[in-house]
Amino acid sequence: MKAMSIYAGIETIAEKVLAGERLSFADGLALYHNNNLLGLGMLADTVNQRKNNGKVYFNQNRHINHTNVCVNRCGFCAFARDTEDHGAYTMSIEAVLQAAAEAPASVREFHIVGGLHPDLPFSYYTQMLQSLRQAYPQVHLKGFTAVEVDYFACISGLSVEQVLRKLVESGLGSMPGGGAEIFASATRQRICPEKIDGERWLAIHRTAHQLGLHTNATMLYGHLESLADRVDHLERLRQLQDETGMFQAFIPLAFHPENTQITRYGTTGYDDLKNLAIARLYLDNFQHIKAYWIMLGENIAQISLSFGVDDLDGTVVEEKITHAAGASTAEAMAKDHLVHLIRSAGKIPVERSTLYEELEVLA
Ligand code: V47
């Protein structure tokens, strides 16, 4: 009996990928519609192996969410509050420094994001960065989504470029990938009508890239989006990356529905793995595809290391956004545990800096 090809149903796409050819929109869509998960994973793993040589990167980071008060009311968000709401909080600069002080000395990155606060001045954010920079000169400050940067421009009367320059002068080292959600405008209107549109998100990242700032990109999936919306999202990121080459990592974010206005089940492990593998294949100009274990769960995040993923984020410490929406994962993971997960998936753990300098190869 003839053995079935591992790439059954996706042979033509597999041939393209193995020949180093770029996938088309139709190819992306065909992959989402196909259920040969193992073939897809094998293909994504092959590409990842070529790009990253069996290395899986992680960093020691701490999240700081300085406020949950937000003037936007995104339907998918369980974190945001109005100023007067029960549970609303805003940290003083001293409280931010206190939160930073609680991080272990080995932490190399503060990941700083918060709501769009109606009253805080732009100087609050620059002072926060300056204070952190002064107290922790060895820690990289990755902060503020494109949505926040746009808001800072609104409240300060400065241009996006001026805002970014001031943030960099104050100590900002790079930008996270949040706020991208899903670019397709009809779906974006349904899940976050008040948020900047996809073009604006991309334009702000383009400006950041032109100023020499590296950034990440995300895609929120598993809510009301279609599969074509997902491919469209990947396509637009690939185009910007062709222009600038300054995106570091792509991070799909698995929607968590609890306490949100979107009633549906959370994503499934099958879809999570498929989505990560397709990202690896479609985003041929991204070096890193990151699994955020906080949203995926530890088990799927580990298995994703065989499905094209080369980055496992991170030690994290005190995650609030996903946990407000019902995440059942822990809020932090010790370095040894991350290393154990990577090693037992047959990969080489590499501790990295935010900018992917290799700090320690734990072969
Ligand atoms: O922008 C909000 C998403 C993002 C929910 O750049 C939700 O290294 C799931 O962007 N279910 C913040 N997701 C997290 C983020 C991130 C995480 C890890 C690493 C990096 C990076 C960036 O979380 C938000 C939004 O897209 N989000 N609510 C929810 N209910």
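Helices α7 and α9 are oblique to each other, because angles under 35 degrees count as roughly parallel, over 145 as roughly antiparallel, 65 to 115 as roughly perpendicular and the rest as oblique. The axes of α7 (residues 160-169) and α9 (residues 198-210) come within 10 Å and cross at roughly 50 degrees, where axes are lines fitted to C-alpha atoms, for helices over the stretch in contact, and angles run from 0 to 180 degrees between N-to-C directions. The crossing is right-handed, meaning that the near helix is turned clockwise from the far one by less than a right angle. V160, E161 and L164 in α7 meet I204, T207 and A208 in α9, with contact taken as C-beta atoms, placed from the backbone, within 7 Å. By class, this contact has four nonpolar, one polar and one charged residues; Ala, Val, Leu, Ile, Met, Phe, Trp, Tyr, Cys and Pro count as nonpolar, Asp, Glu, Lys and Arg as charged, and the others, Gly among them, as polar. Helices (H or I, at least four residues) and strands (E, at least two) are DSSP runs, numbered from the N terminus.

This is a predicted model, in which local features need pLDDT of at least 70 and side-chain atom pairs count only at pLDDT 80 or more, while totals for chains, interfaces and linings use all residues. Residues are numbered from 1 along each chain as its sequence is written.

Around the ligand there are 23 residues, the closest being P176, G177, G178, N216 and A325, with a residue counted if its C-beta atom, placed from the backbone, lies within 6 Å. The elements giving two or more residues to this shell are β6 (214-221), β7 (247-254) and α14 (321-324), and the largest share, three residues, comes from β6. The shell divides into twelve nonpolar, nine polar and two charged residues.

Most residues other than glycine have a negative phi, and most peptide bonds are trans. F144, in the loop between β4 (140-143) and α6 (146-156), has a positive phi of about 70 degrees although it is not a glycine. F144 counts as buried because it has 25 C-beta neighbours inside 10 Å, the cut-offs being 20 or more for buried, 12 or fewer for exposed, and partly exposed in between. N259, in the loop between β7 and α11 (269-282), has a positive phi of about 60 degrees, yet N259 counts as exposed, with 11 such neighbours inside 10 Å. The peptide bond from D313 to G314 is cis, with omega near 0 degrees.

Definitions and conventions. Contact = placed C-beta atoms within 7 Å.
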